Amino acid sequence: MDNKTYSIFLDAKRKKDINTIRNLYLKNKKDRVLAFEYAKLLSNNGQLEEAEKILISLIEKENNIYAILELGKLEVKKRNINKARKYFKSIINTKNRYHALFELGKLEEKEKNYNEARKYFLDIIKEYKKA
């Protein structure tokens with residue numbers, strides 16, 4: 001993404017201007033950062049199917065860990081709890097370990113699986129103490 005496009009993108013993101021971001025995305029579909037941010041914005045606006053397509057495309061192209069994490073969050077919104085767990089667990093052994101553990105903890109807490117949630121949150125604390 002060139003500087004001008006990036007500047008327009010940041011301004012539109014700050015304003016949550018989905019139409020401008022959509023237009024930027026359509027002109028720059030190969031830009032993975034723009035695609036990811038557009039998918040997040042779609043998801044936050046309830047346009048889950050379109051967001052899911054973009055995230056899956058990012059995962060298929062490069063196994064994008066951030067897209068996997070975001071897809072897990074999207075599945076939570078759709079109440080596909082087992083799918084969400086699968087996505088989060090698939091990135092537990094990556095650099096996004098903390099994010100995955102945190103999302104799993106939140107998911108299990110939401111599902112009233114408090115012992116499981118506690119385990120995930122304690123894992124984060126243990127890992128943090130090691131660092």
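User: In what order do the elements of the protein run from the N terminus on?

Analyst: This is a predicted model, in which local features need pLDDT of at least 70, side-chain atom pairs count only at pLDDT 80 or more, and totals for chains, interfaces and linings use all residues. Residues are numbered from 1 along each chain as its sequence is written, and side-chain values use heavy atoms, with hydrogens and water left out. Helices (H or I, at least four residues) and strands (E, at least two) are DSSP runs, numbered from the N terminus. The protein has 8 helices and 0 strands, and the order is α-α-α-α-α-α-α-α.

User: How many Å does helix H8 reach from its first C-alpha to its last?

Analyst: Helix H8 covers residues 114-130, which is 17 residues. The expected span is 1.5 Å times one less than the number of residues. For H8 that expectation is 24 Å, and the helix comes close to it, reaching 24 Å.

User: Why do the buried residues of H8 line one face of the helix?

Analyst: Buried means under 20% relative accessible area, exposed over 50%, partly exposed in between (1.4 Å probe, protein chains only). In H8 the buried residues are Ala 117, Tyr 120 and Ile 124. They line one face because, seen down the axis of H8, they fall within an arc (taken from the directions from the helix axis to the C-beta atoms) of 65 degrees.

User: Which residues are exposed on the other side of H8?

Analyst: The buried residues of H8 have cover that includes helix H6 (81-90) and helix H7 (97-110). On the other side, the exposed residues are Tyr 114, Asn 115, Arg 118, Lys 126, Lys 129 and Lys 130.

Methods. Contact = heavy atoms within 4.5 Å.
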